[in-house]
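Have the viewer open while you read.

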Amino acid sequence: MSKLAAKDIHFYYGDFEALKGITMEMTAHTVTAFIGPSGCGKSTFLRLFNRMNDLVDGSRMTGLLSMDGEDIYARNIQVDELRKKVGMVFQRPNPFPKSIFENVAYGLRVNGVKDSGFIASRVEASLRAAALWDEVKDKLRQSAFSLSGGQQQRLCIARALAIEPSVVLMDEPASALDPISTAKIEELIFELKKDYTIVIVTHNMQQAARVSDKTAFFYLGELIEYDDTKKIFLNPRVEATQNYITGRFG
Amino acid sequence: MSPETKTGHVGRSKRRNQAIAFGIFRVLGFVVIAILFVIIGFIVIKGAGAISWEFLTGMPSEGGASGGIFPAIVGTLCLVAGSVLISFPIGVLSGIYINEYAHNNWVVRFIRIMNNNLSSIPSVVFGLFGMSLFVNTLEWGDSIIAGSFTLALLALPLVIRTTEEALKSIDDSFRQGSLALGATKLQTIRRVILPMAYPNIITGLILSIGRVSGETAPILFTVAASFLSHLPGSIFEPVMALPYHLYVISTSGTDIEASRTMAYGTALVLVAIVLVANLVANALRNFFGNKVKMN
Amino acid sequence: MKKAFKRFLERCTEGLLLLSGGTTSLAILLIVLFLFREGASFFKSPNIESGYVLAVHPENPVNHLSPEQIKRIFDSEIVRWDEVGGPAMDIELFRFSDMVQYVPEERLGADFEHVPAVVDSIVMAHPGMIAFYPEQFVAPEQQLKVFPEATIRPEDYFLGHDWQPTAHPAPQFGVIPLVLGTLWVSLFAVIFSLPFGVAVAVYLAEIASERIRKVFKPLIELLAGIPSVVYGFFGLVVIVPLIQKGFNLPVGETGLAGSIVLAIMALPTIITVAEDSMRTIPRSMKEASLALGATHWQTVYRVIIPCSISGITAAIVLGIGRAIGETMAVLMVTGNAAIIPHSLLEPVRTIPATIAAELGEAPKGGTHYEALFLLGCILFVITLVVSITVEIISSKQKSNLT
Ligand SMILES: Nc1ncnc2c1ncn2[C@@H]1O[C@H](COP(=O)(O)OP(=O)(O)OP(=O)(O)O)[C@@H](O)[C@H]1O
Ligand SMILES: [Mg+2]
């Protein structure tokens, strides 16, 4: 059964149509990569899954978007409940100006967890899952800004994992990082696949090829091709995909 | 145990908290804004009764309890004109210097800090200074020129900041474009940069007029006279001024109750000046489609 | 040739620009110079009314009295010499005008030529006496001990509890009541306006729709431009009577009235600065919080307010700074009694109001005049400290968020 499903999604920023009828499904415990030239609507589409675009004034969506078969834009859906289930990691590391510990604990606290023992154990588990525990276990009370960019990004991943979402959305999570940090994040994504459904936007073809099971190629607000990553990279159906992957445009 | 089970019922309470908190903030927001506008409304309504042609163009009589405020209006106009004449050229030139010429960061920072400090000095200190330098040391006496210089100092930081902001908002590509064509720096500034910046600079000028026209403390000891039955003949004479006049007729005088109407009228004229200055500035801002941030 | 001239012109203009750039610095320099020059000569002024001297019996060991001691002696609050470090004796007062009680007027001589001798004999006859009389009657043959000319000491000024610049025989220039009055009124002003100011800032930055914000923001900025004398007038005709009736006071002109008027005046500043700082918080910070399932309100109080705390602090400090320097509005509503405030329902007097109220009456170059300039110096230093603090705090927020 598909974890996430989009059916004929149109999205408008005011009069500008950023997504022009997208239909696709994503299975649980897979990594799906979104690729495509800048401005083609990857981020816009990704942010529909945790309703982040609700914040944009004058935006509008039509179509059906569901998770586990449930319409996530239905009236009775509470956005904060949805976002608990759908975590997000942003392009640039954006830790809060709080301690490392408090950054990870934040999601638990805002969701009403008071039990400090439970919080501590979740913080440790999340930091371990984000492969950061060994580096920060002695300085949990220090400001998150004292970490390097790569560490900060893994902290943001840990922060997203702490509330045990079932889906993790990642918008170019490694684009602001050096190659070593990038490799670590990629490794991590591979690990996380066991427990989470992951959707990742990337501009890095090798990265998409390395980490994802499925790849979707977007162009000018349309989904051009969506298939197994191997197929997309070795034997794409559409010529535009081929051109993009081989760097002939975009 | 997952947070899911722990937080099953929390969602509703946190949404309720949000509703309550935002409700309170909304009410507070509206109350405060309402209070602020009640003040303006009060002045406008009470003052409207006093405004008449005689009030605006007549001479004061009976210690301000009747008659008009014409000399005070003229005095304030003189002071505004004088201080703008002094502060504007200097302010604009120094804004140009900071933004276009000074490359040494240290110099720019120093000037900026001085600027901030100057704008944070209380107006009564300007009054003391003006009295000591212009009135006593330079022996100008209580005069329009002493008052204008004092007020000009007060307006200077404002003019500089506006000019700086106006110049900063112009994209560097225009400068490079002009320089690349072989124009000198000065030509670039005169022919390209200033014409683009001047709407915003004018906006700043108008706002500083609003500010200067209402200042009282700096003119107390440098120019203001409580009652004059004639208009000033030269810039070395004292004048009446609207804000000082309001102070005088509302706090002293033979018959305070009788002066109240006059006081409301004077307050309204002062508010109107600020209001008009802001409206004009806003209109200019919108007209030129540019943004200047004033504060 | 023409080119050289052109280059020369450019140089001139650059020089002119540099000169203008230096104007503010020059202005500050001049302000410091003039203010402190006038202020500093205050400490060269005599500590009693100029033109007069104090004299005691030569065996009295007391050589110096502070203005406060002199005042209290002549107000009969200090009645024994041992209270001011002298012998265990009662103090007897002798003012020049008391002369006729001791000797008939004829004995003073047609041109008062005998006055020095008469004063001398009176004081010599009363070991506990202190005499206050004009300088011109000091004569070398007198046996009494004339106090050496003493100037007002800094501690008399900065630690003095009494501000009575026209008191006899020693004018009192103690700034403590003025400093406390200023701080008192300003502090309460900020306490009153802070919760409202921050609430409105949160409302405008986070809750209100863009349309409402676009209307309200410029209006609030406009309110910051209304002259202070208008706020003072409003306070005088509306707030002062309300306070008088509400608290059943003899007069409504109180510290409370001053604080309320200042609070209203500080609101636009606090709102604008706090709102601006909330809006500089990166969008990503907000999104990160929302993406973790926080509600908007949780995001506001857990992320936005803590992140902009230095901006809010800057707003508070700025508000205090403005309140401390505010002159006209305070002058019109606080009642201006130079007493150390004990409650908000008493009249108080602030430093700027004192300057504004008294400078007109103080003879130019006199002690009182210089004392007022010194008040100006104090005000200048306070606001300088405030403005530097604001600078430091707001640069901290910038570095915190990047
Ligand atoms: N808040 C917004 N308001 C208006 N238009 C927007 C907004 N955000 C994005 N757009 C427009 O929508 C289109 C898609 O943007 P989107 O950010 O989804 O692209 P993207 O594929 O993620 O690009 P990139 O690879 O550069 O991140 C772009 O043309 C962009 O200009
Ligand atoms: Mg994007």
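Among contacts in chain B between residues at least 6 apart in sequence, what percentage join residues at least 24 apart? For chain B that share is 73%, with contact meaning heavy atoms within 4.5 Å.

Some ground rules before going on. This is a predicted model, where local features need pLDDT of at least 70 and side-chain atom pairs count only at pLDDT 80 or more, while totals for chains, interfaces and linings use all residues. Residues are numbered from 1 along each chain as its sequence is written, chains are lettered from A and ligands numbered from 1 in the order in which they are written, and side-chain values use heavy atoms, with hydrogens and water left out.

**Chains A and B**

Chain B is built from 12 helices and two strands, in the order α-α-α-β-β-α-α-α-α-α-α-α-α-α from the N terminus. Chain A, for its part, has 10 helices and 10 strands. Both element types are DSSP runs numbered from the N terminus: H or I with at least four residues for helices, E with at least two for strands.

On overall dimensions, chain B has a radius of gyration of 25 Å, while a compact globule of 295 residues would come in near 19 Å. Chain A has 18 Å, which agrees with the value near 18 Å for a compact globule of 250 residues. The radius is taken over C-alpha atoms, and the globule rule is 2.2 Å times the number of residues to the power 0.38.

| Chain | C-alpha extent along principal axes | Residues counted as buried | Accessible surface |
|---|---|---|---|
| A | about 50 × 45 × 35 Å | 55% of 250 residues | about 10500 Å², 48% from carbon and sulfur atoms |
| B | roughly 85 × 65 × 35 Å | 53% of 295 residues | about 12700 Å², 65% from carbon and sulfur atoms |

Buried here means under 20% relative accessible area, with exposed over 50% and partly exposed in between (1.4 Å probe, protein chains only). The areas come from the Shrake-Rupley method with a 1.4 Å probe; for residues, only the protein chains shown count as cover.

Now for charge. Chain B carries 20 positive and 14 negative side chains, and the centres of these sets sit 20 Å apart. In chain A there are 31 positive and 31 negative side chains, with centres 3 Å apart. Lys and Arg count as positive, Asp and Glu as negative, and His and the chain ends are left out; each charge is placed at NZ of Lys, CZ of Arg, CG of Asp or CD of Glu.

Ile193(B) lies in helix α9 (residues 185-214) of chain B. Why does Ile193(B) count as buried? Because its relative accessible area is 0%. Beyond neighbours within four places in sequence, Ile193(B) contacts Glu100(B), Leu167(B), Ile170(B), Arg175(B) and Thr188(B). Glu100(B) is 93 residues away from Ile193(B) along the chain, yet their C-alpha atoms are 9.7 Å apart.

Thr383(C) is part of helix α16 (residues 367-401) in chain C. Thr383(C) counts as buried because its relative accessibility is 2%. With neighbours within four places set aside, its contacts are Ser120(B), Ile121(B), Pro122(B) and Gly321(C).

**Where chain C meets chain A**

Here 19 residues of chain C touch 26 residues of chain A. The buried area is about 1800 Å², 63% of it from carbon and sulfur atoms. On the chain C side, Ala291(C), Leu292(C) and Arg302(C) lose the most area to chain A, together 35% of what that side buries. Buried area is the accessible area (1.4 Å probe) that two parts lose on being put together, summed over both.
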